[in-house]
Amino acid sequence: MGTLGNEQPGTQIPENAKSFSLFRYNSPFIQIVLIGLVCFCCPGMFNALSGMGGGGQVNSTASNNALTALYTTFAIFGIVGGGIYNILGPHLTLFAGCSTYVLYAGSFLYYNHYQHQFFAIVAGAILGVGAGLLWAAQGAIMTSYPPENRKGTYISIFWSIFNMGGVIGGLIPFILNYNRGDSAATVNDGTYIGFMVFMSVGAVLSLTILPASKVVRNDGTRCTNMLYSNVATESVEILKLFYNWKMLLIIPAAWSSNFFYTYQFNHVNKPQFNLRTRGFNNVFYWGAQMVGSVGIGYVMDFSFKSRRKRGVLGIGVVALLASAIWGGALANQINHDSRVILDFKNSGSRYAGPFVLYFSFGLLDAMFQSMVYWVIGALANDSEILSRYAGFYKGIQSAGAAVAWQIDNHNVSAMAQLIVNWVLTTVSYPLLLVLIVLAVKQDTKGEEEPIKQVAPSSAENGFVQ
């Protein structure tokens with residue numbers, strides 16, 4: 001039997017492995033594109049809804065309370081979501097998670113008419129459960145399916161597709177509310193209905209994702225041996241995460257990575273711009289994320305031959321850029337006049353500075369989170385392990401977000417929120433550097449468990465026995 005020279009111990013490589021197509025249904029590339037499209041439709045549209053500030057409402061109270069409920073349950077189900085994914089597989093986990101996004105958007109359609117926040121809060125709590133499932137599954141897929149030396153590239157592909165959802169989602173309120181004038185304070189029903197349609201499509205699309213055991217890389221290896229786990233095993237393994245030193249070093253980065261959304265959405269985009277301009281800004285905010293993810297993905301995959309050096313450089317680049325952007329945010333906050341509401345068409349040069357800042361926030365968000373996902377992906381290659389790591393990351397991230405939205409609800413000043421965000425992100429960089437130096441190996445080939453033989457004929461056609 002022929003070999004490619006980089007087999008795992010015990011792995012049997014098909015004779016025609018070299019002919020495996022990048023565009024096979026069961027290839028990592030196609031599966032990453034599909035999970036990107038799922039997230040385009042569901043969390044991508046959710047991001048556009050949240051990015052308007054206050055969920056598109058004049059009063060942020062209902063949105064803040066709904067988001068607090070969301071991220072509270074998300075914190076719990078993000079952590080256990082990896083275990084649930086290992087037990088149920090991608091179809092049930094992703095479909096259940098995606099369905100909850102539709103309910104959340106519908107709750108704001110209801111709020112638009114009746115101004116009762118209870119439904120929005122309950123829908124937020126339910127969405128937290130669903131989001132925990134979806135993002136744990138997504139994290140496992142994005143970090144374990146790609147080849148080891150191209151994880152940054154595949155993360156950037158996912159992040160670009162996912163954030164195109166925010167771009168399209170930003171266009172929906174921009175177009176539908178364009179002619180409503182400066183007096184319009186809340187988005188119209190069509191905006192929420194548009195979000196719900198996209199989210200429903202995402203739920204159906206989630207059924208196309210294959211389990212890790214059926215995904216075959218171009219060298220003939222599968223992403224994992226495991227078919228299904230069990231509750232006892234996953235419970236023990238999840239508990240172990242809380243005293244796993246690698247996960248403890250990730251906590252500050254995880255906590256801060258959604259903490260800054262409250263400041264960006266509710267204290268930059270919402271108070272400084274009118275409704276149509278907020279939608280316009282979001283097109284560029286989420287578009288900037290596509291640029292940022294591609295840039296940092298290149299640095300962390302191609303800048304050096306040494307994986308450890310690439311990781312160190314990537315963290316250094318993000319740290320320097322973040323310092324500059326948060327410094328710009330400080331200048332903007334000091335100079336902000338709450339009496340002035342900016343419009344992209346009528347405000348002239350006064351619009352430029354705040355717009356560039358908001359664009360830069362999108363750039364930083366993608367680079368920061370892609371960097372953290374790359375570090376997580378560098379800690380292992382197996383889907384079973386990485387689903388737990390990704391779930392832990394999303395759980396801690398969501399706990400931070402729950403606290404952030406409630407801090408805003410208690411009228412903590414924008415300046416205080418800015419400073420806390422700047423400090424939290426800054427603290428995370430040296431800890432990630434320590435993690436890379438101590439835990440990321442230069443070459444992890446040969447560490448995986450033996451992988452079952454792939455039937456050549458079925459792999460070529462996109463189906464694995």
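This is a predicted model: local features need pLDDT of at least 70, side-chain atom pairs count only at pLDDT 80 or more; totals for chains, interfaces and linings use all residues.

Me: Which residues touch the most other members of the largest nonpolar core?
Reply: This core has 117 residues. Helix 12 (residues 352-378) gives the largest share, 15 residues. Domain 1 (22-210 + 222-228) and domain 2 (229-441) each give at least three residues. The members that touch the most others are Tyr 104, Trp 135 and Phe 361.

Me: Which residues is Trp 135 in contact with, leaving aside its neighbours within four places in sequence?
Reply: Trp 135 is one of the residues that touch the most other members of the largest core. Its contacts beyond four places in sequence are Cys 39, Pro 43, Phe 74, Tyr 101, Phe 158, Phe 162, Tyr 373 and Lys 394.

Me: Which element gives the largest share of the nonpolar patch on the surface?
Reply: The patch is formed by Leu 103, Tyr 110, Tyr 114, Phe 118, Phe 119, Val 122 and Ile 126, with about 640 Å² of accessible area together. Two or more residues come from each of helix 4 (90-114) and helix 5 (117-144). The largest share, 4 residues, comes from helix 5.

Me: Is Leu 103 buried, partly exposed or exposed?
Reply: Leu 103 lies in helix 4. Its relative accessibility is 33%. Buried needs under 20% and exposed over 50%. Therefore Leu 103 counts as partly exposed.

Me: What separates Lys 240 and Glu 237 in helix 8?
Reply: Their side chains meet in a salt bridge (3.4 Å, N to O). Lys 240 is partly exposed at 37% relative accessible area, and Glu 237 is partly exposed at 25%. The two are 3 residues apart in helix 8 (residues 231-240), so the separation is about one helical turn.

Me: How many residues apart in sequence are the parts that Arg 276 and Asp 343 tie together?
Reply: Arg 276 forms a salt bridge with Asp 343, with the closest N and O atoms 2.8 Å apart. Arg 276 is buried at 13% relative accessibility, as is Asp 343 at 3%. Arg 276 lies in helix 10 (residues 275-302) and Asp 343 in the loop between helix 11 (307-335) and helix 12, so the parts tied together are apart in sequence by 67 residues.

Technical notes
Residues are numbered from 1 along each chain as its sequence is written. Side-chain values use heavy atoms; hydrogens and water are left out. Patches are made of residues with over 30% relative accessible area and no salt bridge: like charges are joined within 9 Å, nonpolar side chains (Val, Leu, Ile, Met, Phe, Trp, Tyr) within 5 Å. Accessible areas come from the Shrake-Rupley method with a 1.4 Å probe; for residues, only the protein chains shown count as cover. A salt bridge is a side-chain nitrogen of Lys or Arg within 4 Å of a carboxyl oxygen of Asp or Glu. Buried means under 20% relative accessible area, exposed over 50%, partly exposed in between (1.4 Å probe, protein chains only). A nonpolar core is a set of buried Ala, Val, Leu, Ile, Met, Phe, Trp, Tyr and Cys residues joined through side-chain atoms within 4.5 Å. Domain bounds come from an automatic or database domain assignment. Contact means heavy atoms within 4.5 Å.
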